[in-house]
Amino acid sequence: MEDSPATNPGQAGKTQQQSAGQAPRSGQRPAQGEAPAPDHYDPAPQGKADADTELLPAPDTLGAKHQHPVLAQPPDDFTGLKLGPPAKVAAGIKAVLKSAEFAWGEAGLGRGTHALLKLNQKDGFDCSSCAWPDPDDHRSVAEFCENGAKATASDADTRRADPEFFARHSLADLSRMSDRDLNNAGRLTHPLVLRPGASHYTRISWPEAFGLVAEKLNALQSPDEAVFYTSGKVPNEPAFLYQLFVRQFGTNNLPDCSNMCHESSGSALSPTTGLGKGSVTLGDIHEAEVILIMGQNPGTNHPRMLSALQLAKRNGARIIAVNPLREAGLDHFKNPQDFMNPLRAVGALLGDGTPITDLYLQVRINGDMAVLRGIMKHLLEAEALNPGQVVDHEFIQEYTAHYEAFLANIEGTSWEDIEQQSGLTRAQLLEAANLIGPRQKIITCWAMGLTQQKSGVQTIQEIVNLHLLKGAIGKPGAGLCPVRGHSNVQGDRTMGIWERPQQAFLDALEKEFNFQPPREHGLDTVESIKAMHAGRTHVFVSLGGNFLSASPDTELLAQALRRQRLTVFISTKLNRGHLVAGETSLILPCLTHVDIDLQRSGPQFTSCENSMGVVSQNKGVLRPLEGEMLSEVAIIAGLALATLGEKTQVDWAALTENYDRIRDLIARVIPGFEDFNQKIRRPGGFYLPNGPRERKFTTPNGKANFTVTELPAERLEPGQLVLMSIRSHDQFNTTIYDYNDRYRGVYGERRVIFLNAEDMRERGIRPRQLVNLTSHFAGQQRHAERFIAVPYDVPRGNCAAYYPETNVLVPVASVAAVSNTPTSKYTVVTLEPVPEMLPEGETKAKALA
């Protein structure tokens, strides 16, 4: 066994003294070791050549709230819409004030301030919101963004959803509360049970809860009749134990939120670069000459990214934004840190901030592949006129394969198809090509605006094609940057949370723990929903998250969950997913990132992996609320002990007492984590190995592979539009903090649909008029009623609305090719005007004159 503070306490002081001097300087690559970091993507998945397109009967979604006393969808009551002009500037003093308002309002002045000052610090805790990386070296006093402050305030909430709260509210009553109000009920404090036929959750002891789960699991005819879901906020240590427990139980049914977000990124990158992760560091962003931002709204979803873009701009970078909506964060940015700089404070207060985007390409939904195809077509034409000046032939010759097939595909694509699919002109795409052509340090960032498209995987492979064409990968200031949505969604996959594990990972588990892991692939999110609906599974366990509200086809999923014999939710706060439950249901309350985790050997810490492959500490700083919450590690160990009994040789109790022992196990099982306990104690953490960052492409042929992709053929019937789901500014994933979306000028309401003004006129729809939405897929229809029409700058034929309100329209069988990711960014809909409208600030609709 390696030396660690668990086995050699004298090492602890030494490792704490190591500095962050291993952080890369400008022009250097980070020290990261030699082994490729596994993310468990199989370049040729067995039995998984394409997406799961099995069609299930469409659920009855008309008047759904009248069909079951417990609402699966948010209630359709209006909360008072007020409209203003969309913002032109992101962050600024308003972001500072909003951060303070949330932190002090929910956590209290002292508790909230203490939490914020330790947020994302080297001796503090990792934000439970997005996975944007922290600086390797200096970190500011306020190393957080507005949405990080909201997430931390929510985690540090002093309000209590205790057994008395649940005694006062039935499931039906709770389901008629908004998602915001459910979150604001406070922290869950005691384990709860919903007995068969009961209308209320009631208190249960931990031993009885663990015994109940064990009884239901062990009564199954096969371990594959259980599904074990994981949220992306779960740190590395509990994630590793969770997959170990599940595999010792006997199944690979480990769907996770990555199946619904960046699965398309991994599916695209693994066969092309050999690693299903990005290849850049934060320092690369600062050095880049050109940054493409595609399918992403960093101002709301990853606000700290704007600081990196601002620094890149000050260093001379040119930025191209490709997005159907014009977003404030891609327009101008006022860095709150500038208010503390005497040289910049006045300008930050009075000026318009830093202009971010040099060229804004307002693409049609699912037209991003055509944008990339057009840019590369221009680049190849420029290369023909200027041989050796645009294309990196040396890189292509040494490091890549399939270039000739790629060339033929580009040359065979017509400008007519490119313009029709993208909604942009040849001249607009030439502007982008002119910015890219003479430059070498190029980074492309993307998020769910690409991954949740029908052609998400192929679009990301087209991004890879562009970078290979330019040799813009594996050198400072250049590379691929999928921006992950949740704090440790990338780390969970590294820890083995995946339904299709590689054989080498299973071999390592078998060797270390002396058991036979299941070798058959398990169920991902979409396949799990179908299996639950068909009655092929009977137990559903959720480690964090809100599976109901994050997944597609809300009413069908609700039917599936209600058919389970047992549902188990390991959670910190109440959400709608707890209410749509199986015959028996448990809520098991756990600690948050901000809570001090005190175990037998003393205070514990966990770790998270950010979007750029840095693993760092997560150490809680606040005393937990009074109650019976347990750490995620303790809950998983309790479930394992009760369920596995003599079938396991793991000392689960010892692992709970000291998390260094978990890290010792991880170090022996997962490449890149050698000496884990020493490296994690370095201030700022450590980089995982990353082959593409070093131009080491661990694909089967040892090359970075060009891909031949096919432009999507978009065929809409008259009157149809393409809908994409989006987040509001006061929202992170499925957590709703408030009803406002101030960057888009929407206040006090979420039940809105953003429409092109010409599309509204064509359909006779007035501003603020109510409309019913119908989605169309494979001859099926799904309905969502009473949305407020808001004119907005969105391409003709496209529209947008918030999720989870629109998830009911997304069929579970509508998925991206290969990755099986639900197409939440591509739903074909029609609109039915309702002869009512909602006046300013009112909550009751009125008949149109």
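Me: Which residue in S23 is the bridge partner of Val614?

Reply: This is a predicted model, with local features needing pLDDT of at least 70, side-chain atom pairs counting only at pLDDT 80 or more, and totals for chains, interfaces and linings using all residues. Residues are numbered from 1 along each chain as its sequence is written, and side-chain values use heavy atoms, with hydrogens and water left out. S22 pairs with strand S23 (residues 686–687) in the antiparallel sense over 2 bridges, where strands are DSSP runs of E of at least two residues, helices are runs of H or I of at least four, both are numbered from the N terminus, and pairing requires at least two DSSP bridges between two strands. Within S23, the bridge partner of Val614 is Tyr687.

Me: How many of the 5 residues of strand S22 are buried?

Reply: A residue is called buried under 20% relative accessible area, exposed over 50%, and partly exposed in between, using a 1.4 Å probe and protein chains only. Across the chain of 849 residues, 66% count as buried. Strand S22 (residues 614–618) is largely enclosed by the rest of the structure, because its buried residues number 5 of the 5.

Me: Is Asn820 buried or exposed?

Reply: The loop between S32 and S33 holds Asn820, and it also holds Val818. Both have a positive phi without being glycine, about 80° for Val818 and near 65° for Asn820, while most residues other than glycine have a negative phi. Val818 counts as partly exposed because its relative accessibility is 29%. Asn820 has a relative accessibility of 1%, and therefore counts as buried.

Me: How many disulfides does a search of the whole structure find?

Reply: A disulfide is taken as a pair of cysteine sulfur atoms within 2.5 Å. For Cys257, the closest cysteine sulfur is in Cys261 at 5.1 Å, which is too far for a bond. Cys257 counts as buried at 14% relative accessibility, as does Cys590 at 1%. The number of disulfides found in the whole structure is 0.

Me: How many charged residues are in the lining of the second largest cavity?

Reply: The search, on a 1 Å grid over the protein atoms alone, takes a cavity as a set of points where a 1.4 Å probe fits but cannot get out, with lining residues having an atom within 4 Å of a point; grid points are joined across faces, edges and corners, and volume is the space filled by probe spheres set on them. The second largest cavity contains about 160 Å³ of space, and of its 17 lining residues the closest to the centre are Thr592, Asp597, Thr606, Asn618 and Glu632. With Ala, Val, Leu, Ile, Met, Phe, Trp, Tyr, Cys and Pro counted as nonpolar, Asp, Glu, Lys and Arg as charged, and the others, Gly among them, as polar, the lining divides into 6 nonpolar, 7 polar and, for the charged class, 4.

Definitions and conventions
On a 1 Å grid over the protein atoms alone, a cavity is a set of points where a 1.4 Å probe fits but cannot get out, and a pocket is an open set with protein on both sides within 12 Å along at least five of seven lines; lining residues have an atom within 4 Å of a point.
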